[in-house]
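Please look over the sequence and the model shown here, and then read the short report that follows.

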Amino acid sequence: MRLDKYLCDALGATRKEATKIIKSGDVTVNDQTQKSGAYKVGEQDVVEWQGRELSQPGPKYIMLFKPQGYVCSHEDGFNHTAFVLLDEANTKDLHFAGRLDVDTTGLVLITDDGKWSHRITSPKHKCEKTYRVWLVDPIESSYIEQFEQGIELRNERELTKPAQLEIVDEQEHEVLLTIHEGKYHQVKRMFAALGNKVEHLHRERIGDIILDEALEPGEYRMLSEQEINSVWK
Ligand code: URA
């Protein structure tokens with residue numbers, strides 16, 4: 001898309017206004033001042049106006065590395081909401097495609113596209129989620145089979161769906177657990193049912209979307225087309 005058209009869409013400006021803004025030298029593409037309205041903006045280009053990153057209107061799809069101490073809801077009387085980590089307009093239109101507990105870190109997906117998030121959170125679609133878990137007590141060899149067969153959680157009638165456990169480091173009590181459902185506090189409750197306790201929980205993957213290693217806790221980025229579309233397959 002041409003830069004002048006990009007500005008029209010992002011700022012709601014007329015073509016004449018967009019041309020004037022570009023000529024003023026206030027617009028950068030990938031940190032370089034760009035004075036040509038004909039410049040073709042590519043998918044990876046970062047367009048800024050007066051230092052503020054612009055984006056095209058339309059659905060937003062965000063990956064956030066949630067740090068500890070933030071809640072996945074719009075309001076909480078006590079903790080910060082994870083929305084304060086986003087430097088985006090209209091965060092009130094956004095919601096979480098699956099929450100993490102306040103003390104859990106890692107991948108959260110945020111969007112304003114309800115159909116897309118439903119695809120992730122609806123039990124019908126059995127979207128896989130992988131957690132790295134550090135346990136208080138040693139890992140028992142029977143865990144792998146118990147997770148595969150299903151675990152009886154407190155106050156639940158049905159067993160959990162088969163889940164895959166991989167032992168990463170016996171000394172550090174570190175495992176990777178992949179589950180296909182998302183009951184309340186599910187991972188903590190699964191280990192509690194086996195008599196162990198989660199020391200720290202970190203989500204690494206939702207479906208085919210993997211937490212970007214380039215992100216530090218509290219940082220976020222927009223999802224790529226490929227990541228967005230992966231949810232529909
Ligand atoms: N399971 C939990 O127990 N907590 C989370 O935050 C996510 C999954």
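## Helix H5 and its cover

Which residues are buried in helix H5? In this helix, which runs over residues 186-193, the buried ones are Gln-186, Val-187, Arg-189, Met-190 and Phe-191, where buried means under 20% relative accessible area with a 1.4 Å probe, counting protein chains only. Helices here are DSSP runs of H or I with at least four residues, and strands are runs of E with at least two, numbered from the N terminus.

The cover of these buried residues includes helix H4 (143-149) and the strands E10 (129-135), E11 (164-169), E12 (174-179) and E13 (198-206). Just after H5, Gly-195 adopts a positive phi of about 85°.

## How the model is described

This is a predicted model, in which local features need pLDDT of at least 70 and side-chain atom pairs count only at pLDDT 80 or more, while totals for chains, interfaces and linings use all residues. Residues are numbered from 1 along each chain as its sequence is written, and side-chain values use heavy atoms, with hydrogens and water left out.

## The whole chain

The chain has six helices and 15 strands, and its C-alpha trace spans about 70 × 35 × 35 Å along the principal axes. Of its 233 residues, 45% count as buried. Among contacts (heavy atoms within 4.5 Å) with a separation of 6 or more, 61% come from residues 24 or more positions apart.

## An annotated span

An unreviewed UniProt entry places the feature "domain: RNA-binding S4" at residues 1-62, although such annotations may be inferred rather than shown by experiment. This span is 29% helix and 19% strand, and its end C-alpha atoms lie 22 Å apart.

How values were computed. Buried means under 20% relative accessible area, exposed over 50%, partly exposed in between (1.4 Å probe, protein chains only).
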